[in-house]
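Please look over the chain and its fold below before reading on. The report that follows takes up helices, ring pairs, a pocket and annotated sites in turn.

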Amino acid sequence: MDNLLLAFGLTLFAGLATGIGSILAFFTSTTNTKFLSYSLGFSAGVMIYVSMIEIFPKAQESLTIEFGEKLGAWYTVLGFFGGMLLITLIDKFIPKQGNPHEIRRVEDMDEKEAEKAKQQGHLMKMGTFTALAIAIHNFPEGIATFTATLQDPGLGIPIAIAIAIHNIPEGIAISVPIYFATGSKKKAFKLSFLSGLAEPAGAIIAYFLLMPFLSDGLFGIIFAAVAGIMVFISLDELLPAAKKYDETHKSIYGLVAGMIVMALSLLLLM
């Protein structure tokens with residue numbers, strides 16, 4: 001029960017970080033691009049390292065127990081790339097106007113730009129699509145955080161922090177066009193906040209749909225898919241965003257630092 005509450009709490013924390021991004025957009029005048037670049041790189045480092053060094057082997061171990069060494073290895077690889085395929089399909093069916101990977105800065109909220117943008121008439125639609133797109137992305141991320149924490153709380157905490165970091169610029173991506181379109185900070189924050197709730201919703205769905213049937217085989221498939229999802233998010237979303245904000249090599253320094261921190265935390269928890 002303790003693990004269950006922690007798993008849900010961490011998933012909620014990670015999801016609501018979109019609200020932090022929204023608040024930053026309203027109360028700072030410029031985007032700290034160096035910090036964002038480093039942070040997104042750090043988040044990618046944590047996700048890639050933990051996926052390949054810890055989650056993938058745990059998935060293979062569970063599937064080997066259930067299906068034997070050879071078949072277990074095959075199912076692990078299929079689960080891993082199946083997770084990547086899931087995120088690819090989500091991206092494919094999201095309208096281009098709502099691309100959650102589109103970088104927006106706090107400076108974009110300049111009043112003159114806002115006035116000009118209002119006349120274009122498409123920003124409310126763009127912001128709403130972005131919120132929807134991010135909510136859809138947050139479902140599998142919620143499942144990832146929830147299942148990882150249930151299996152090993154020491155694993156779930158850094159994953160939740162990494163996902164929270166990458167949710168901050170997503171909050172900005174929602175807030176900027178909504179604020180442009182409506183002039184209301186309240187509406188922009190509300191939509192950003194609601195999109196983040198998709199993450200704990202993913203955890204609830206995982207609990208009610210998957211937990212009653214949880215076995216070594218099912219757990220192994222879920223964990224392999226989680227590893228694939230997190231590696232894909234890192235390569236397709238976090239690193240390109242980090243490089244776009246980057247002025248020097250901050251994103252790569254962040255990537256390496258994230259891997260080091262994750263490696264040390266796993267070693268200390270052994």
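## Helices

Helix H4 has 25 residues and reaches 36 Å from its first C-alpha to its last, close to the 36 Å expected at 1.5 Å a residue, where the expected span of a helix is 1.5 Å times one less than its number of residues. Helices (H or I, at least four residues) and strands (E, at least two) are DSSP runs, numbered from the N terminus. The model is a predicted one, in which local features need pLDDT of at least 70 and side-chain atom pairs count only at pLDDT 80 or more, while totals for chains, interfaces and linings use all residues. Residues are numbered from 1 along each chain as its sequence is written, and side-chain values use heavy atoms, with hydrogens and water left out.

The buried residues of H4 are Gly72, Thr76, Gly79, Phe80, Gly83, Met84, Ile87 and Ile90; buried means under 20% relative accessible area, exposed means over 50%, and partly exposed lies in between (1.4 Å probe, protein chains only). As background, an α-helix has 3.6 residues a turn, so residues three or four places apart point the same way.

Helix H9 (residues 198-210) has 13 residues, which should span 18 Å at 1.5 Å a residue, and its end C-alpha atoms are 17 Å apart, which agrees. In H9 the buried residues are Ala198, Glu199, Pro200, Gly202, Ala203 and Ala206.

The UniProt record (unreviewed entry) places the feature "transmembrane region" at several stretches, among them residues 35-53 and 217-239. UniProt positions are given in the numbering used here, feature names are shortened, and annotations may be inferred rather than shown by experiment. The span 35-53 is 100% helix and 0% strand, with its end C-alpha atoms 27 Å apart; for residues 217-239 the end C-alpha atoms lie 32 Å apart, and that span is also 100% helix and 0% strand.

## Aromatic pairs

Rings of Phe, Tyr and Trp (its six-membered ring) pair if their centres lie within 6.5 Å, and planes under 30 degrees apart count as stacked, over 60 as edge-to-face and the rest as tilted. By this rule the count comes to 7 aromatic pairs. Two of the edge-to-face pairs are set out here.

| Pair | Centre to centre | Angle between planes |
|---|---|---|
| Phe56 and Phe80 | 5.5 Å | 80 degrees |
| Phe67 and Tyr75 | 4.8 Å | 70 degrees |

## The largest pocket

The largest pocket has a volume of about 200 Å³. On a 1 Å grid over the protein atoms alone, a pocket is an open set of points with protein on both sides within 12 Å along at least five of seven lines, and lining residues have an atom within 4 Å of a point. The lining comprises 13 residues, of which Leu86, Ile221, Ile222, Ala225 and Ile229 lie nearest the pocket centre. H4, helix H6 (123-151) and helix H10 (216-245) each supply at least two residues of this lining, which divides into 10 nonpolar, 3 polar and no charged residues. Here Ala, Val, Leu, Ile, Met, Phe, Trp, Tyr, Cys and Pro count as nonpolar, Asp, Glu, Lys and Arg as charged, and the others, Gly among them, as polar.

## Annotated sites and other positions

The UniProt annotation "binding site" (unreviewed entry) covers Asn138, Glu141, Asn167, Glu170 and Glu199. Although these residues are spread over 62 residues of sequence, they cluster in space, the largest C-alpha distance being 13.5 Å. Asn167 is found in helix H7 (residues 153-182) and counts as buried at 0% relative accessibility. Glu141 is found in helix H6 and is buried, with a relative accessible area of 1%.

Pro140 also has its place in helix H6 and is buried, with a relative accessible area of 7%. The C-alpha atoms of Pro140 and Ala206, 66 residues apart along the chain, are separated by 9.3 Å.

Key
On a 1 Å grid over the protein atoms alone, a cavity is a set of points where a 1.4 Å probe fits but cannot get out, and a pocket is an open set with protein on both sides within 12 Å along at least five of seven lines; lining residues have an atom within 4 Å of a point. Grid points are joined across faces, edges and corners, and a volume is the space filled by probe spheres set on the points.
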